[in-house]
Amino acid sequence: MDRQDIQGDQGEDGGRAAPWDAAAVLVRAAQDGDALAMDELLTLVTPYVTRLCRPIAPHDVADAVQESLLAVFKGLRTLRDPQAFYGWVRTATVREAVRVARRAPAEEPADPADLARLGGLRADADGELPADVRDVLARLPVRHRAVLVLRELEGLDEATVAGLLGVPQGTVKSRLSRARSSFRKAWSR
């Protein structure tokens, strides 16, 4: 996630405090048992978690978000570096969204006639993907959806994507190539 994607609190001097700094304060308080801090922290990351879950688990977005937030809630005490909160949330969210998506009934293969162009795989100003891109992603296999979301939307490098998904980097490269190929073929028709 890009740092400018996270909104921070106003600092004393009127400037923007880094959002990971603001979250770190809440993380520490929540780890010390402050229920209000935990509630505020979960509220803070829910839009980000939802934005990640929507394209990875499009048929079960609510379940994926709930499972992801539950994983954050349960695992927060294990987070050693509060400054790493957003990266840690991303890892938990991707893991849970992929798990939820795999529980879904058999995935429909992508229909090339309905695929959107690869260049359109960008969120608009409010973080929402265009409806046609969401439709396309919903029909791709979860392994391709996850790779495309992490690489194209989140802008992560292949090594980071491999670590998040728990697969070798070569697997990420081949999945990404196949997923991009589906978009390119449809665009050329």
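**View 1. Salt bridge between Arg99 and Glu67.** Arg99 and Glu67 form a salt bridge (a side-chain nitrogen of Lys or Arg within 4 Å of a carboxyl oxygen of Asp or Glu), with their closest N and O atoms 3.1 Å apart. Because Arg99 belongs to helix α4 and Glu67 to helix α3, the pair ties together parts that are 32 residues apart in sequence. Arg99 is partly exposed at 36% relative accessibility, and Glu67 is partly exposed at 24%; buried means under 20% relative accessible area, exposed over 50%, and partly exposed in between (1.4 Å probe, protein chains only). The model is predicted: local features need pLDDT of at least 70, side-chain atom pairs count only at pLDDT 80 or more, and totals for chains, interfaces and linings use all residues. Residues are numbered from 1 along each chain as its sequence is written, and side-chain values use heavy atoms, with hydrogens and water left out.

View 2. The side chains of Glu96 and Arg99 meet at 2.6 Å, N to O, in a salt bridge. Both residues lie in helix α4, three residues apart, about one turn of the helix; helices (H or I, at least four residues) are DSSP runs, numbered from the N terminus. Glu96 is buried, at 9% relative accessibility. A network of salt bridges links Glu67, Arg95, Glu96 and Arg99.

**View 3. Salt bridge between Arg51 and Glu154.** The side chains of Arg51 and Glu154 form a salt bridge of 3.3 Å, N to O. This pair links distant parts of the chain, 103 residues apart, with Arg51 in helix α2. Glu154 is buried, its relative accessible area being 5%.

Methods
Helices (H or I, at least four residues) and strands (E, at least two) are DSSP runs, numbered from the N terminus.
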